[in-house]
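Here are my notes for someone opening this entry for the first time. Please keep the structure in view while reading.

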Amino acid sequence: MLALVSKYRFSIFLTLLFASVNVFLTLYIPLLFGRVIDMIVGTGLVDFAGIKPGLAEAAVLSVICAAALFGTNIINNRIAFNTARDMRNDMFRKINVLPLEYLDRHPAGETVSRMVSDVEQFSDGLLLGFTQMFSGVLTIIGTLVLMLRINWKIALAVVLLTPLSMFAAKFIAKHTYRYFSEQSLLRSDLTSVINEITGNLKTVKAFGREKAELERFAEVNESLAKVSLKAIFYSSITNPATRFVNALVYAAVAFVGAMDVISPDSALTVGLLTSVLSYANQYTKPFNEISGVITEFQNALACAARIFDLLEQTPEKPDSDKAVVLENPQGNIEISSVSFSYDKSRELIRDLNVSVKKGQKIAIVGPTGSGKTTLINLLMRFYDVDSGSISVDGTDIRNITRHSLRSSFGMVLQDTWLKPGTVRENIAFGKPDATDEEIIAAAKQAHAYSFIRRLPKGLDTYIDEDGGSLSEGQKQLLCITRVILSLPPMLILDEATSSIDVNTEMRINKVFDKLMQGRTSFVVAHRLSTVLNADKILVMNNGMVVESGTHEELLRKGGFYAKLFKSSFI
Amino acid sequence: MKKLLSYIDGYKKEAVMAPLFKMLEALLELFVPVIVKKIIDIGIAASDTAYILRMCAILFLLALVGFIFSITAQYFSAKVAVGASTRLRYSLFEHIGRLSYPDIDTLGTSGLITRMTSDVNQVQNGINLTLRLLLRSPFVVFGAMVMAFTVDSVSAVTFAVTIPVLFIVVFAVMFSSMPLYRLVQKKLDGILVSTRSALNGVRVIRAFGREQEQVTEFEKANSELNLASRKAGRISALLNPLTYVIVNIAIIILIYVGALRVDSGAITKGSVVALYNYMSQILVELVKMANLIISISKAVASSKRISAVFDTKPSITFPEKGARPDMDSDTAVCFRNVTFTYPSSSAPAVSNISFCIKKGERIGIIGATGSGKTAVINLIPRFYDPDSGEVLLFGRNVKEYSADTLNRLVAVVPQKAVLFNGTIKDNLLWGNSKASDEDLLEALETAQGLDIIASKKDGINEFLSEGGKNLSGGQKQRLTIARALVKKAPILILDDSFSALDMATDRNLRKALSKLPYSPTVFIVSQRISSVIDCDRIIVMDDGSIAGIGTHDELLATCETYREIYLTQKGGASNAVSKSSERNFQKSAGIGVEI
């Protein structure tokens, strides 16, 4: 955090300088006015010769004071917004090199919240609060000094009374905290109800449940209202309470001051009293602000902790200097004695050995959750093996640059992901310089062009985040087109074409089959034909590869696979 | 905006009292400079200690009473703010409930959720702050001016000139910064979208090695946000310095004029002091008002968004007291030359289709993705209205029935199995809140779901967490089927509802459906021939039109589209193994079943 701040140390120095000038002048000018007012003694006794230069000085100083205030505001803004921008850039860059292990474990919403709200609250709270605190403390010290210089008795009265406002604020805050947390809880309850119903509105309507759910909603709504009222009211007492204490101080100062003015040998004049009274007003304001600033500080520090937690995560080990770029991969893959598990205390894949020759097709079968995706994670080096090694064309994949390794695999998974952008941008994601002809050709191959053509703007149609209004099947077709366009030398396919109708599915499968010809492919199999035609089948269960071999070999083994196959056909 | 203000209606009394008390408090504050003036002119001048004491006591009293007024005002204003926004939330929720499918499609569920939560909160804050502060500040400012006139009308002219100048400055800053703040919000949204997208697509991005491009795009969006924020900040930063200079210059003029007036004996020195104090009060209030205005802008922006939802009238309205269905009619459902286009689409989903279904028939609807199957069944319960043509249920146009009647006539099992927080029983009761336990068990039995409650600790009272997380896909589907069956509606629609069921359950369920005592007219939508093969008739959809209607055998003989589908599903690469066995194998190996 200090690193961030020190980047702007010159600006911070400047803003504090301006703030000091502002505070100093804000305190001095009333003094000046006081002195001028003193020159207005009475009828016919006004010292115009002294007033005019005094007022002129006040005019000039006012402009300087305002300029200093503007200056400090601008610089504060710049520091705050620039820090926020830098932090967000750092976080985003970090996200792109974080190991998938971290990203899989942390829900996306959490990271987004850190990116958006935590950064905002940090920059607002810490930086702005800091300068407010600085000005506040300066003001307190300044007014105290000035009051002391004018009249120590008044200063004493003020010092004794003003901490009262701070205590009042703290007292109220502690008690309202309870109501605020209750309110928070009820708010999130209400949000869950809203989320559930609005998110599934069509089902609610299909069953005519609008009224019933409205009643359920109303109940929580009313409870929230009761608690909110208390929370808001009690917290709103702070300001009037502190204003009350301030008014007390003002009255006390007026009294002590007036008494002093009348008393003989007093240096206190009416003009000075006026100044002191306005100081008394100014003195108490920062106390209000400081208690607010302290809570904001706490909040900001909490946010900072979350932000730096993300920024300090260990990134993926970068490619070593000796990493080779994989060129013209043939597709010979050796998986030797590989062991791996996400949770290091439990076994997942143990001592896996698979040898894949160029152009072979490896089918992976197994019940849902058996770990088929794990193999994909290891091949793509989204995770590194715990022991053993995976090599492509004889080179351990850990010695290959991640970029070249990953671009040698074409991946079509169950989860469709499209980026917010045009259809064209999405299809060309793997080959940004593709021409429109190439894009259309790929789309036709994937049987996607017919629906693309019918979109409002064809290839230029903008797709929102989450795929917008496209159906699941259409999204899947676009993902397939994406891979067809980039023509990778090896393939990883998850045959889940569940959202596509049977006819199109058949045609897509023919496309896949053609793609797989001559290319080393790993296919998470969903079709019997894939399994029957595979060069090797990896049978997974409970995260482990329990059997491997060709279809005939596995049947002969009479194990898990054979049982599965036989039991279906009785 | 005006409509939103109407939510304050129930709190008219408090809405008037709050600012009133605030003004009383401000009024008391306005007397302070006058009291100080008296202390100076009378107390100090005459060295009257007792008088000074009395005056200071009055100051104390003013403070105390002011405090009480202020608290009262805060209470009333909190009541209005919370009360009005609670009713607003309720109304919004109710309105959303009345929207029809096409409206929901257009507005988007995320947008609706943000309106209900974040935007309503902004409005609540806005109302609260407005009642507490918006009236106070101008009141103090004008009040100070009025008091100044009572002290010395000549000098007070300075006030009359300064105040309008100040207001012009304040409003100029406010109006120029509002659009800038809206832009900042929009840019912030952009960052949100980028981040979410990058997180969701991390594997694909890394697979294609496009990390650098993502970073560059993000940095661009981020710097746009930065520039917009700084621009907005610059304008707002002007406010305080500008007002400070203006007020100080006014003070200078005031003091000079005051000096002249004192010199000529027109006013006392104490008056000058009082005028100075009033001007200072104005300065303080202006600072407060500046900060308030930003919060109000946000509240106004939110209220505009909420209004937009209210302005969306449901595109489908039902007659209050609808027609009565002719239950003796032979025909259950009739489509006459129906053409329908989804709101976000440019091409019709179904074009000019016509068919008539007899009561009690079992109809299969089959076709490719985008052929219009789901569109057809969306039109039957009137989730959407056709562009042209008529949909008739039991002899009458669907538009003639009230929402209630339609609800009782048609039971739908949607494609996505959605269950809600509550027990299994709670969910089943959605079909009919008055159903007896026997009714529920009957429905479960037909839906092949009795084993589900047998396997759960609390049976039918088992609590379903988070919409059914502790159930498998097949179990969820069977429960949603049971829920629809509880209704005992004369028309039952099953939209691809067997996808998660294995062969045996699929078969038993269809057998049980055919044995239902009240013989509903059933529509089964599917992509698989095996699910519709034993239907009384099958409607074959192709690209929005009906390719054929008939029994399985009839269609095999006469309908090319149907034949194609049949052959691709029956034939395929595996010749030695029948398709149903293949599906069995797939299901047991967990292939092709998404749980």
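1. Cavities first. The whole structure holds six cavities of 30 Å³ or more. Keep in mind that this is a predicted model. The largest cavity has a volume of about 70 Å³. Ten residues line the largest cavity. Nearest its centre lie M411(A), V412(A), L413(A), R482(A) and V204(B).

2. Which elements build that lining? Strand 6 (409-412) and helix 17 (472-486) of chain A each give two or more residues to the largest cavity. Helix 17 of chain A has the largest share, with three residues. By class, the lining of the largest cavity counts seven nonpolar, one polar and two charged residues.

3. Next, a pocket. The second largest pocket has a volume of about 1,400 Å³. Its lining takes in 45 residues. G208(A), E210(A), A403(B), D404(B) and N407(B) are the ones nearest the centre of this pocket.

4. The second largest pocket draws on both chains. From chain A, helix 7 (163-199), helix 8 (201-206) and helix 9 (210-236) each supply at least two lining residues.

5. Now the interface. How many residues does each chain bring to the contact? Chain A brings 145 residues and chain B brings 149 residues. The area buried between chain A and chain B is about 13,300 Å². Carbon and sulfur atoms give 70% of that area. F92(A), F207(A) and W417(A) supply 6% of the area that chain A buries against chain B, more than any other three residues.

6. The rule finds seven salt bridges between chain A and chain B. E25(B) and R243(A) meet through their side chains in a salt bridge, at 2.9 Å from N to O. On the side of chain A that touches chain B, the largest share, 26 residues, comes from helix 3 (residues 48-97) of chain A. That side of chain A has 85 nonpolar, 34 polar and 26 charged residues.

7. Last, salt bridges overall. Over all chains, the search finds 33 salt bridges. Side chains of opposite charge can pair when their charged atoms come close. K7(A) and D86(A) form a salt bridge, with the closest N and O atoms 3.0 Å apart. This pair links distant parts of the chain, 79 residues apart. K7(A) sits in helix 1 (residues 2-7) of chain A, and D86(A) in helix 3 of chain A.

Notes. Residues are numbered from 1 along each chain as its sequence is written. Chains are lettered from A and ligands numbered from 1 in the order in which they are written. This is a predicted model: local features need pLDDT of at least 70, side-chain atom pairs count only at pLDDT 80 or more; totals for chains, interfaces and linings use all residues. Side-chain values use heavy atoms; hydrogens and water are left out. On a 1 Å grid over the protein atoms alone, a cavity is a set of points where a 1.4 Å probe fits but cannot get out, and a pocket is an open set with protein on both sides within 12 Å along at least five of seven lines; lining residues have an atom within 4 Å of a point. Grid points are joined across faces, edges and corners, and a volume is the space filled by probe spheres set on the points. Helices (H or I, at least four residues) and strands (E, at least two) are DSSP runs, numbered from the N terminus. Contact means heavy atoms within 4.5 Å. Buried area is the accessible area (1.4 Å probe) that two parts lose on being put together, summed over both. A salt bridge is a side-chain nitrogen of Lys or Arg within 4 Å of a carboxyl oxygen of Asp or Glu. Ala, Val, Leu, Ile, Met, Phe, Trp, Tyr, Cys and Pro count as nonpolar, Asp, Glu, Lys and Arg as charged, and the others, Gly among them, as polar.
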